[in-house]
Amino acid sequence: MHNPFITHILQQLEHTPKSKALFQAKCPCHDDYDQSLRIDYKNGQITLTCPVGCQTDDLCRRLGLTPNDLPGKDPEYPHNRLISFHDYRDEFDTLLYRVLKYESDTIKHYRPDGHCGFIYNLDGVRRVPYKLPNLIKQPLDQWCFIVETEREVDRLITMKLSATCNPGGPGHWHYSYNPYFMNRKVAILPRPHEPGRHHAQELSRQLSTFARKLRIINLNRIPEGGDVCDWIMNFKHGGAKETLLKKAKISLEDAPALETPINLINLDNVSSEPLQWLWPQRFPTGKISLIVGDTGLGKSFLTLNLAAHVSTGKKFPDEPDEQEQREPANVILLTNEDETHDTIRPRLDAMHANCLRITLIQSVKKSDNHRLFNFAKDMNILQNVVQNTQDVKLVIIDPLDAYLSPHMINHPQSLLDKFITPLKLLAATYQLAVICTTHYRCDHSHTLYRAIRNTWLLTKDHQTPQRRLLLPLKSNFSPQNNNALAFQINNNIIQWDPDQLNIIASDFIQNQQNKRHSTRTNEIKNWLLEILSDGPQWSKDIKIMAREEGFAWSTLNIARRAAGIISERYEYQGETFWRTPQQEDQKPKKGYIPPEYWTNELIR
């Protein structure tokens with residue numbers, strides 16, 4: 001009887017075989033120079049004996065096992081023999097949980113408890129594709145085979161092929177697995193049964209917008225109830241690997257058509273989860289946020305200040321004093337407007353940021369050339385950086401327009417497909433807060449404003465010009481009347497005002513527009529009164545002079561009414577002229593325009 005854990009133990013320990021059932025190894029629980037640990041293996045039962053007195057429980061913890069694994073049987077049903085075990089690990093090769101498969105098709109799970117022990121449940125454990133670290137390391141131009149069981153994955157990996165499967169088998173694929181296949185070549189190998197075919201169609205629908213190439217390969221000569229391992233057994237003299245790769249390279253035109261182009265999710269299978277926040281009630285994790293504002297107001301300063309808070313775990317300005325300091329986290333920075341050595345780093349140092357936790361994506365290297373990062377081509381690069389950088393909580397893109405192609409900016413559907421949708425999935429998968437900056441657009445129907453659900457306006461306080469206001473422009477995650485914040489920038493440091501402001505962005509924008517319109521109207525009123533100070537003027541002459549000043553005719557009429565200037569017709573069906581109320585009996589001079597408004601057109 002075979003116990004698969006014997007291989008797991010021997011791979012971790014320096015050992016010497018004494019016989020087929022006896023091994024001597026160095027004990028992992030004490031300083032051992034003589035290989036004093038005795039490993040007996042008989043009838044599937046593993047016995048660990050240390051002459052120094054190390055306990056079996058301690059030995060199992062050091063080896064990543066439980067005492068129940070040593071007999072190679074189900075502890076509840078001793079006659080139920082253990083067939084295999086499979087470790088599910090995250091991007092950093094950390095064990096998430098282990099799957100145990102027994103002879104009677106029984107499946108059990110246990111997970112680390114954080115204290116070198118294990119718990120027999122999966123409560124709150126994140127699910128990932130099987131052999132995820134191996135998948136991430138594979139080049140993007142190598143075919144990745146998706147099968148149904150861990151046994152098939154292990155067999156394909158021994159053939160030096162990239163392979164994975166989802167936990168739970170057919171019907172349990174989760175959308176959070178999709179970003180791992182961004183720009184990869186994917187081949188799906190279904191079993192010859194109805195659940196396998198449905199599973200392959202479901203994967204095709206979900207991965208069609210992520211994979212560079214997608215192929216469903218229906219293998220022949222698989223017996224009823226068999227799998228890829230049985231198909232490989234048909235190649236007694238080798239050639240299974242070459243045959244698989246050849247089938248994967250067949251033109252995609254030969255791939256079976258999808259049954260339906262939509263992806264359906266039954267909401268009964270979706271569990272409710274509370275929204276998580278990077279900065280409570282302002283910037284959520286798992287979402288994209290937008291900071292908009294005019295040039296030179298300090299958008300880059302603000303994002304670097306956020307990076308400083310996240311990298312050190314400092315409390316955000318409006319958090320209460322009793323709020324506990326959070327754990328420091330890593331930040332990924334995309335910025336191209338400022339130099340790294342003389343602008344970005346000095347600013348972060350002045351803000352006391354932990355620069356060890358801040359990573360800048362400066363450029364993308366292709367052959368011997370370096371180019372700017374572009375979301376139309378390099379989304380998979382950002383995903384790989386996130387995967388390989390542990391504990392990332394914030395991604396900053398400053399400014400967003402620098403990393404989008406002109407086609408994406410001018411075509412809303414391209415912006416959605418190639419930037420917003422993949423970035424949303426990346427943020428949701430890794431629970432990141434993605435914060436982008438861009439210039440303020442008066443047209444709120446722009447795709448960015450409609451698709452990104454959390455937008456903040458950075459503007460100048462016109463009463464105190466050196467003061468900046470951060471106002472909620474749009475938020476689907478927190479109350480619209482969320483208090484605004486104010487700050488000033490002094491010596492590369494953002495100094496936040498202690499008091500919050502009850503200002504709504506839409507009201508603030510409307511008031512500023514009204515003030516600008518009022519100022520412009522007063523300017524035109526004064527100009528009109530000056531023109532009319534010498535007497536009434538023909539309206540056509542006023543129109544020529546206004547054009548030279550850059551005044552619109554519609555705005556001119558608004559200012560005329562505001563100033564009480566009267567438009568009157570000269571005699572019956574004659575031309576119109578403008579006058580003040582005090583000029584009731586006066587008539588305009590014929591064809592008089594001051595010399596400063598003479599143009600080539602008038603001279604001719």
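**Cavities, pocket and core**

Mentor: This is a predicted model. Its largest cavity holds about 50 Å³ of space.

Trainee: Which residues line the largest cavity?

Mentor: The lining is made up of Leu 140, Pro 179, Tyr 180, Met 182, Arg 184, Asn 380, Gln 383, Asn 384 and Gln 387. By class, four of the lining residues are nonpolar, four are polar and one is charged.

Trainee: How many cavities of 30 Å³ or more are there?

Mentor: The count is two. The second largest cavity has about 40 Å³ of space. Its lining consists of Ser 300, Thr 303, Leu 304, Leu 333, Thr 335, Asp 338, Ile 344, Arg 347 and Asp 398.

Trainee: Which elements give two or more residues to that lining?

Mentor: Helix H8 (299–312), strand E16 (330–335) and helix H9 (340–350) do. H8 gives the most, with three residues.

Trainee: And what about the classes in the lining of the second largest cavity?

Mentor: That lining has three nonpolar, three polar and three charged residues.

Trainee: What's the split by class in the lining of the second largest pocket?

Mentor: Six residues are nonpolar, nine are polar and five are charged.

Trainee: Change of topic. How many residues does the largest nonpolar core have?

Mentor: It has 88. Among those with the most contacts inside this core are Phe 145, Leu 156, Phe 375 and Leu 423. Helix H12 (residues 412–430) provides the largest share of the core, eight residues. There is also a second, separate core of 32 residues, which includes Trp 279, Leu 304, Ile 344 and Trp 456.

Trainee: Why would those side chains be together in the first place?

Mentor: In general terms, nonpolar side chains in soluble globular proteins tend to be buried together.

Trainee: What does Leu 423 touch?

Mentor: Leaving out residues up to four places away in sequence, Leu 423 touches Ile 288, Phe 375, Met 379, Leu 382, Ile 397 and Val 434.

Trainee: Now Gln 24. Is it buried or exposed?

Mentor: Gln 24 is buried, because its relative accessible area is 16% and the cut-off for buried is under 20%. This residue is part of strand E2 (residues 22–25).

Trainee: What does the side chain of Gln 24 reach?

Mentor: It reaches the backbone oxygen of Gln 35, at 2.8 Å. Gln 35 is also one of the residues that Gln 24 touches, and others include Glu 14, His 15, Leu 37 and Arg 38.

Trainee: Last one, the whole protein. How many helices and strands are there?

Mentor: The protein has 17 helices and 28 strands. Of its 604 residues, 47% are buried. Among contacts between residues at least 6 apart in sequence, 62% join residues at least 24 apart.

Technical notes. Residues are numbered from 1 along each chain as its sequence is written. This is a predicted model: local features need pLDDT of at least 70, side-chain atom pairs count only at pLDDT 80 or more; totals for chains, interfaces and linings use all residues. Side-chain values use heavy atoms; hydrogens and water are left out. Helices (H or I, at least four residues) and strands (E, at least two) are DSSP runs, numbered from the N terminus. Buried means under 20% relative accessible area, exposed over 50%, partly exposed in between (1.4 Å probe, protein chains only). A polar contact is a pair of N or O atoms within 3.5 Å; within protein, one must be able to donate a hydrogen and the other to accept it, and residues adjacent in sequence count only if both atoms are side-chain atoms. Contact means heavy atoms within 4.5 Å. A nonpolar core is a set of buried Ala, Val, Leu, Ile, Met, Phe, Trp, Tyr and Cys residues joined through side-chain atoms within 4.5 Å. Ala, Val, Leu, Ile, Met, Phe, Trp, Tyr, Cys and Pro count as nonpolar, Asp, Glu, Lys and Arg as charged, and the others, Gly among them, as polar. On a 1 Å grid over the protein atoms alone, a cavity is a set of points where a 1.4 Å probe fits but cannot get out, and a pocket is an open set with protein on both sides within 12 Å along at least five of seven lines; lining residues have an atom within 4 Å of a point. Grid points are joined across faces, edges and corners, and a volume is the space filled by probe spheres set on the points.
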